Amino acid sequence: MIHLPFRFLSATNSQSKAISTETTLSNATKKTKRVNWTLALVGIGWAGLLIGCNNSSTVDTLGDWNSRSELEGPARFGAASFVVGTIAYMGTGTDVSNNRLKDMWAYDASRNAWTQKADFPGVARNLGVGFSVGTKGYIGTGLDANSTRLKDFWEYDPTANSWKQVADFGGTARQTATAFAIGTKGYVTCGFDGNYLKDMWSYTPTTNTWTKVASYGGSKRVGAVAFVINNMAYVGTGNNNNSNQLDWYVYDPAQDLWTQKLNFITDQTSIARSYAVGFAINGLGYITGGDATTKDVWEYNPTADTWTTRGVFEGSSRTYAVAWSINNKGYITTGANGTSRFDDLWDFDPTVVQVIP
């Protein structure tokens with residue numbers, strides 16, 4: 001939601017009224033009026049600025065949120081998502097009655113509209129993963145209604161609105177893993193198969209094969225967050241043996257190598273979290289969620305290897321949401337907070353100033 005400072009709205013309305021009034025005045029009077037109005041507007045502007053500067057309860061920061069069209073399907077948590085072109089696809093998850101779902105939805109940001117697509121053909125599930133390679137999307141792993149962990153994988157063709165099963169995931173059946181895609185391959189790492197995991201596998205659609213690659217650079221974990229910038233994957237946070245994690249690593253697929261980066265704020269251990277969401281916009285990464293009580297937003301600059309706070313998420317705090325980015329905006333939808341399930345959708349524009357009351 002964009003909050004325009006009151007001081008600028010007041011000046012604009014006053015100026016419009018001044019222009020309407022002066023049409024009935026003589027030229028000399030008009031000139032005098034213009035001077036008076038100009039002085040008045042300057043005064044209003046400075047007064048507004050001074051009020052803003054003296055209001056210690058107001059903080060301006062880059063990065064603002066807007067409420068968008070809510071999901072037309074059931075509210076849920078633990079869904080899986082991917083983006084093909086400029087359309088985001090989201091499905092599966094668990095509804096408010098704890099039913100596993102298999103419906104699939106597409107969100108078109110240009111129309112701010114959801115469209116239901118062909119159901120996911122595997123068993124209904126939550127806590128699976130999704131990624132896209134080229135013009136196809138992929139969903140797999142997760143947990144079914146009998147709490148059985150899964151390793152099947154399915155390919156979605158948006159053009160045909162159809163699914164087909166592809167090779168099972170190369171690692172063990174698991175839930176709460178983390179996925180991303182770089183170039184012509186998808187990647188799945190970490191998760192839980194009865195034990196915490198850190199192995200990583202790449203999927204090549206052209207050969208329909210999974211290949212074991214370098215394991216995640218940090219400790220084993222579930223619920224880690226990931227985003228991709230310049231063909232490098234940044235992965236961190238999550239939970240290992242009931243301990244939320246702060247470490248942060250980058251994966252270079254060309255070298256099959258993980259390198260540790262600056263921890264997710266080393267001097268504020270309270271922001272360690274799991275089941276957060278992340279997305280990348282214009283060479284910067286963003287993380288929010290993953291905590292039922294806070295709504296902080298963090299920006300990661302891979303060039304400087306720094307973290308910067310970017311205001312607050314304006315929806316309800318949540319975990320187990322899904323996120324993506326399209327056309328220089330980030331999007332967050334679904335998720336859970338206690339027994340609440342969400343179907344709202346928010347977009348994030350990192351270039352707009354957010355005023356935090």
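A: Asp256 sits in the loop between β18 (248-252) and β19, where strands (E, at least two residues) and helices (H or I, at least four) are DSSP runs numbered from the N terminus. This is a predicted model, in which local features need pLDDT of at least 70, side-chain atom pairs count only at pLDDT 80 or more, and totals for chains, interfaces and linings use all residues. Residues are numbered from 1 along each chain as its sequence is written, and side-chain values use heavy atoms, with hydrogens and water left out.

Q: Why is Asp256 called partly exposed?
A: The term covers what lies between buried, under 20% relative accessible area, and exposed, over 50%, with a 1.4 Å probe and protein chains only. Asp256 has 32% relative accessibility and therefore counts as partly exposed. Its phi is near 50°, a positive value in a residue other than glycine.

Q: Why is Glu70 called partly exposed, and which residues does Glu70 touch?
A: The relative accessible area of Glu70 is 48%, so the residue is partly exposed. Glu70 has its place in the loop between β1 (59-68) and β2. Contact means heavy atoms within 4.5 Å, and, not counting residues up to four places away in sequence, Glu70 touches Trp114, Asp343, Asp344 and Leu345. The C-alpha atoms of Glu70 and Trp346 are separated by 8.5 Å, although these residues are 276 residues apart along the chain.

Q: What makes Ser316 partly exposed, and which residues does Ser316 touch?
A: Ser316 has 37% relative accessibility and therefore counts as partly exposed. Ser316 lies in the loop between β23 (306-312) and β24, and it touches Lys295 and Phe342, not counting residues up to four places away in sequence. The C-alpha atoms of Ser316 and Thr294, 22 residues apart along the chain, are separated by 9.0 Å.

Q: How many aromatic pairs are there, and what makes the pair of Phe131 and Tyr138 stacked?
A: Rings of Phe, Tyr and Trp (its six-membered ring) pair if their centres lie within 6.5 Å, and planes under 30 degrees apart count as stacked, over 60 as edge-to-face and the rest as tilted. By this rule the count comes to 41 aromatic pairs. Phe131 and Tyr138 are 5.4 Å apart centre to centre, with 25° between the planes, and form a stacked pair. Phe131, at 3% relative accessibility, counts as buried, and Tyr138, with a relative accessible area of 1%, is buried.

Q: What is the geometry of the pair of Phe264 and Trp298, and why can that pair be said to tie together parts of the chain?
A: The pair is edge-to-face, with 6.1 Å centre to centre and 75° between the planes. Phe264 lies in the loop between β19 (257-260) and β20 (276-281), whereas Trp298 lies in strand β22 (residues 296-301), so the pair ties together parts that are 34 residues apart in sequence. Both Phe264 and Trp298 are buried.

Q: How do you know what counts as the largest pocket's lining, and how does that lining divide by class?
A: On a 1 Å grid over the protein atoms alone, a pocket is an open set of points with protein on both sides within 12 Å along at least five of seven lines, a cavity is a set where a 1.4 Å probe fits but cannot get out, and lining residues have an atom within 4 Å of a point. Grid points are joined across faces, edges and corners, and a volume is the space filled by probe spheres set on the points. The largest pocket has a volume of about 1,200 Å³ and is lined by 48 residues, of which Gly130, Ala179, Ala226, Gly278 and Ala323 lie nearest its centre. Strand β20 gives the most to this lining, with 6 residues. With Ala, Val, Leu, Ile, Met, Phe, Trp, Tyr, Cys and Pro counted as nonpolar, Asp, Glu, Lys and Arg as charged, and the others, Gly among them, as polar, the lining divides into 31 nonpolar, 17 polar and no charged residues.
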